[in-house]
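Good morning, and thank you for coming. I would like to walk through one structure with you, part by part.

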Amino acid sequence: MIDWQSGNGYIANSNSNPSRKTISQPCLQYAINLPMDRRSFLHATACTSAALLTSSRSAFAADAAIEITPQPAGPVISPHLYGHFIEHLGGVIYDGVWVGANSKIANINGIRKQFVDDMKNLRAPNLRWPGGCFADGYHWRDGIGAHRPRTYNYWQASMPAGYDHTEPNAFGIHEFMRLCRLTGAEPYLAANMNSGSPGEFHDWVSYCNAPAGTLSLADERAANGDKDPFAVKWWGVGNESWGCGGDMNPADYANLYRRFVTQFPAYEPKPILVAVGPRGHAKDLDLDWTRSFFESMTTGGHRSHVDGLSIHYYTDFRKTEERVATFDARGWFDVLREGARIESVIEQHWAIMSKYDPEHHTRLVVDEWGVWYRVGEEIAPNYLLSQPLTLRDALHTALTLDIFNRHADKIAMANVAQTINCIHSLFLAKGDQYVRTPVYSVFEMYRPHMGAQQAQLRIHCEDLKVPSRTGASATMPAVSGSASIQGKTLTVTLTNPSLDAPLTAKLRLTAGDIVEGKGTILTHANMAAGNTFDHPTEVQPAPLAVSIHGNGSAITLPPRSIISLELRLA
Ligand code: AHR
């Protein structure tokens, strides 16, 4: 039996660790006709200060009616949905994570201390490493022992002229495992299926997991400083094999997958094997990859099993004019709407998987997700794919995490790409400069969902009509969210994407009363605000007063805001 949920606690004592009438998901965005035209209502409340976070105007009809059914609770929201990813790419590992033991920057045996502290604070459940594209060219032996070779890094080809990306291999499996222990994150390793072989992969598994005193590989691990096995459970079998990981078609990949897993060394813990899945952000959602992969795996009497199917979904604005921090209302909504498309990607691939695997032995692993803008706004030229993050990206994060929560029955793990100095980062670091981005704050606000059970949330609300770059009329939900229950604590997270209109919401429990409530809000007057090295606290969460009455609460979400409520039930 696979233990899908055990995020947090890898090291036991390290860290306790549209317009209207739309009905979309079974427990999600319902819309009804409202008694009052929303625009005129909004006009009526325009004098409501954005700082007045709890509406006292209960006489007014609300924009949204939110109905929550705490019991019976739904599936557990695995902590692993709040997972991470770091790769040997630009400034992610070297400088971002690894500063070296002799650095003046505060470090723990070479690992940036502030990064460790912040990951602990988030109760980071897992960490995917060493890639990404890098993984399919990485030989694990280069990163152990005293003498480490300098080797080629896949990302060299993307470096600006005059910059080098030679891999020093100073950060290898032992350093990665130390980082996992320090933060409490479970390791998730990716096999090299491209320049590597099944044998090299199996040796890595043995090196990591064979008990001390058994194999020579275990002795070698002990001689390199780690007598105890690393107990790695999550194994990615390749990465993006349709692209940088080998440019394969799904049937060829399935053949190779089987060769890589059939003689997987049988050490504890029982592995969770994650196969390469689709490029979810492709125009056609890459549905054929999933279909053909499972077709190949399930015909011909093959015996290899697949525990997880990776999906990569980038909100991909690389080939557009969209900039990170200079944008208008169209750009704001285009990014949020494109990000929310991940829900349909999850549902459509899941539907295909249902055909081949009706009992759903295989779950989805969204091991790369985030907004990816065009190049040109890096924090330094050699910090490839680094980009500042703004309030827009924070709302994108909230919408995504709410979608993950709502599909907790389908997703075993998700990993933001990437945690530091790359794409959708929670942190930016350059030398002694370090900043938490607004994305970090969303992870922090959503933390109570981790390990809680999904609670049914119904939102009755008109959709928002929004501008779009193409000029076509577009809509998106005026409020999105998710809810979870853990013991007597109900956590509700909600997002108002409107740029100019506050949204009042009446929350109502279908059973039981609320005895106490507190909340947190993330917003800013400027939609493009972000935290920089010079202004690290520009976008910060703030406490939100919550007034409760019996089984309900009336809340006002200012425009451009995310709120998180923790409600204690009677
Ligand atoms: O996250 C950056 C890159 O995006 C990864 O290396 C690759 O897997 C994906 O294309």
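Predicted model: local features only at pLDDT ≥ 70, side-chain atom pairs only at ≥ 80, totals over all residues.

**A loop residue to begin with**

Let us start with Thr320: a polar atom of the Thr320 side chain lies 2.9 Å from the backbone oxygen of Phe317. This is a polar contact, meaning a pair of N or O atoms within 3.5 Å; within protein, one must be able to donate a hydrogen and the other to accept it, and residues adjacent in sequence count only if both atoms are side-chain atoms.

Residues are numbered from 1 along each chain as its sequence is written, and side-chain values use heavy atoms, with hydrogens and water left out.

Thr320 sits in the loop between strand S10 and helix H8 (329-340). Helices (H or I, at least four residues) and strands (E, at least two) are DSSP runs, numbered from the N terminus. Is Thr320 buried, partly exposed or exposed? Thr320 counts as partly exposed because its relative accessibility is 28%; buried means under 20% relative accessible area, exposed over 50%, and partly exposed in between, with a 1.4 Å probe and protein chains only. The C-alpha atom of Thr320 is separated by 6.9 Å from that of Arg374, although the two residues are 54 apart along the chain.

**The ligand and its surroundings**

I turn now to the ligand. Which residues come nearest to the ligand? They are Glu87, Cys133, Glu240, Tyr314 and Glu368, out of 14 residues around the ligand. A residue is near a molecule or strand if one of its heavy atoms lies within 4 Å of it.

The shell around the ligand divides into 7 nonpolar, 4 polar and 3 charged residues. In this division, Ala, Val, Leu, Ile, Met, Phe, Trp, Tyr, Cys and Pro count as nonpolar, Asp, Glu, Lys and Arg as charged, and the others, Gly among them, as polar. Strands S10 (308-317) and S11 (363-373) each supply at least two residues of this shell.

For Glu87, an N or O atom of the side chain is 2.7 Å from a ligand oxygen. For Glu368, a polar side-chain atom is 2.7 Å from an oxygen atom of the ligand, and for Gln418 the corresponding distance is 3.0 Å. The protein covers 94% of the 290 Å² of accessible area that the ligand has on its own. Accessible areas come from the Shrake-Rupley method with a 1.4 Å probe; for residues, only the protein chains shown count as cover.

**The disulfide**

Cys133, one of the residues that come nearest to the ligand, also brings us to the next topic. A disulfide is a covalent bond between the sulfur atoms of two cysteines. How many disulfides does the structure hold? It holds 1 disulfide, counted as a pair of cysteine sulfur atoms within 2.5 Å. Cys133 is joined to Cys244, with an S to S distance of 2.1 Å. This pair links distant parts of the chain, 111 residues apart: Cys133 is in the loop between strand S6 (126-129) and helix H3 (173-183), and Cys244 in the loop between strand S8 (234-237) and helix H6 (250-261). Why is the disulfide left-handed? Because the torsion about the S-S bond of Cys133 and Cys244 is about -85°.

Cys133 counts as buried at 10% relative accessibility, and Cys244 as buried at 18%.

**Salt bridges**

Finally, side chains of opposite charge can pair when their charged atoms come close. A salt bridge here is a side-chain nitrogen of Lys or Arg within 4 Å of a carboxyl oxygen of Asp or Glu, and by this rule the count comes to 24.

One of them pairs Glu220 with Arg141, the closest N and O atoms being 2.8 Å apart. Glu220 belongs to helix H5 (residues 216-223) and Arg141 to the loop between S6 and H3, so the pair links distant parts of the chain, 79 residues apart. Glu220 is partly exposed at 27%, and Arg141 is partly exposed at 41%. In another, Arg392 and Glu322 meet at 2.8 Å, N to O. Here Arg392 lies in helix H10 (residues 391-406) and Glu322 in the loop between S10 and H8, 70 residues apart. Arg392 is buried, with a relative accessible area of 0%, and Glu322 is buried with 4%.

A further salt bridge joins Arg568 and Glu516 at 2.7 Å, N to O. Arg568 is in strand S25 (residues 561-569) and Glu516 in strand S21 (residues 514-522), 52 residues apart.
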